[in-house]
Amino acid sequence: MKQDIPPERVQPLYEQGSEEGDLVIYWMQRAQRTEYNHALEYAIHRGNELDIPVVVVFCLVDNFKDANFRHYQFMLEGLQGVEKDLRDRGITLVVKHSDPVECVSELSEEASEVIVDKAYLPQTRDWRRELMGKIDAPLIDVETDLVIPIEEASSKEEYAARTIRPKIDKQLEKYLIPVKEREVKHPSLEISFDTVDLDEILGRLDIDKSVEPVAQGIGGTEKAKEQLQYFIDEKLSDYPDLSNDPSKDCLSNMGPYLHFGQISPIYIALKVKEKGGYGVDEYLEQLIIRRELAFNFVYYNKDHDNIDCLPGWASKTLEEHENDEREYLYSEEEFEKGDTHDEYWNAAQKEMLKTGKIHGYMRMYWGKKILEWSERPADAYQIALYLNNKYELDGRDPNGYAGVAWCFGKHDQAWKERNIYGKVRYMNANGLKRKFDIDRYVEQVDML
Ligand code: FO1
């Protein structure tokens, strides 16, 4: 029998500290769900072994990098579902409005063991590192948000999809397996804790409130599963032919749910495989290979948030063309308002302002044109990242960083040399017109 929590997913981060407490604490940070969550199941397993209850804690911070009201609202909707689902399993969710390092180290005084889900970006990796110096119990990291544990997939930064694909493919059989729900032997519902009221905390957070939510009631595991089922039933078989077309909504829209860990990529992949047929391979290429390449990028490349992350050929060619004349130049504010001469570009920007996402194909065009219409590639890079992180529901995600980097040549190859772009792949409006009914896309955005 294959193990649903193989040892490669479990890594002790800190092995000192008292094991005297009478709780197992699961610090839920990235994987904000109760299904297909290896970290939660591992915590329950440890609680059962030690004959003590498990308590789950989530720490709300005011200053999550580049985040604002739009993102917090979506995340909090998900946490309301988590609270209920945990209660149904006999487990208490404690939510604190506090710095995670302080909050978890304080709670650890009552713990025999603290479990946390694995992080990939600097801010959340730093939280774990800082905690190691302060915690009063062993700390164990459990990896649950990638199909293949990141260091098992590769021990270094990968060059492109073609280099990581074989490494992932050969391990799928071992890691792409369902996660069993363990029975909770010692419920924690009777233990009382000070906890934040999720219904009223949003207004009290000290966060940027200038960016409106895209809609109410769309966050959380239940909504994620509904959307996934709809995609599988109605769109999957058209995915290879229509997913690139901005005028057809043939995407799964799983990005925001994956970003906040409200759904597991393993769950998605197994559901899609269960349906089978045309579209499965193409979708899994995006969900597993491309997504896990993006995680590999942010995990191993310290410059993933700036232009220095590019491969040598791309940096060199962009530098050689830095002083090429630009026909159009726009400021960050003009880009932000969607106020350029190009109605397709403006439509993409407006789609993002209104809905928190840009259609995948238009997102490539959008990033390429920021490069073309900015004074220097380094400025363009920062503008694209700033807009992406501020407005996309799943900005600030490894996929977002990799998506911006791709527009500047990352994970791609050299093409025919031309003005401004050098050898970086070029895209233009005529291509959009030739391939799609792009005016229909503009009309659709206008009607949003
Ligand atoms: N993680 C937390 O532990 N606490 C937060 O208050 C929090 C806010 C937040 C806001 C926007 C956002 O995009 C992510 C946020 N995260 C927060 C991180 C999140 O839980 C995941 O770690 C990341 O989404 C992973 O990339």
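**Exercise 1.** With which residue does Arg30 form a salt bridge, and how far apart are the closest N and O atoms?

*Solution.* The model is a predicted one. Arg30 forms a salt bridge with Asp397, and the closest N and O atoms are 3.5 Å apart. Next, locate the partners: Arg30 lies in the loop between strand E2 (23-27) and helix H1 (38-50), while Asp397 lies in the loop between helix H17 (377-391) and helix H18 (398-407), so the pair ties together parts that are 367 residues apart in sequence. Both Arg30 and Asp397 are buried.

**Exercise 2.** Describe the contact between domain 1 and domain 3.

*Solution.* Begin with the bounds: the domain assignment places domain 1 at 1-145 and domain 3 at 307-446. Their centres, taken over C-alpha atoms, are separated by 37 Å. Nine residues from domain 1 and 13 residues from domain 3 take part in the contact. Together the two domains bury about 850 Å², with 54% of it on carbon and sulfur atoms. On the domain 1 side, Arg70, His71 and Leu121 supply 56% of the area buried against domain 3. Finally, count the interactions: there is one salt bridge between the two domains, along with eight residue pairs in polar contact.

Key
Residues are numbered from 1 along each chain as its sequence is written. This is a predicted model: local features need pLDDT of at least 70, side-chain atom pairs count only at pLDDT 80 or more; totals for chains, interfaces and linings use all residues. Side-chain values use heavy atoms; hydrogens and water are left out. Domain bounds come from an automatic or database domain assignment. Contact means heavy atoms within 4.5 Å. Buried area is the accessible area (1.4 Å probe) that two parts lose on being put together, summed over both. A salt bridge is a side-chain nitrogen of Lys or Arg within 4 Å of a carboxyl oxygen of Asp or Glu. A polar contact is a pair of N or O atoms within 3.5 Å; within protein, one must be able to donate a hydrogen and the other to accept it, and residues adjacent in sequence count only if both atoms are side-chain atoms. Helices (H or I, at least four residues) and strands (E, at least two) are DSSP runs, numbered from the N terminus. Buried means under 20% relative accessible area, exposed over 50%, partly exposed in between (1.4 Å probe, protein chains only).
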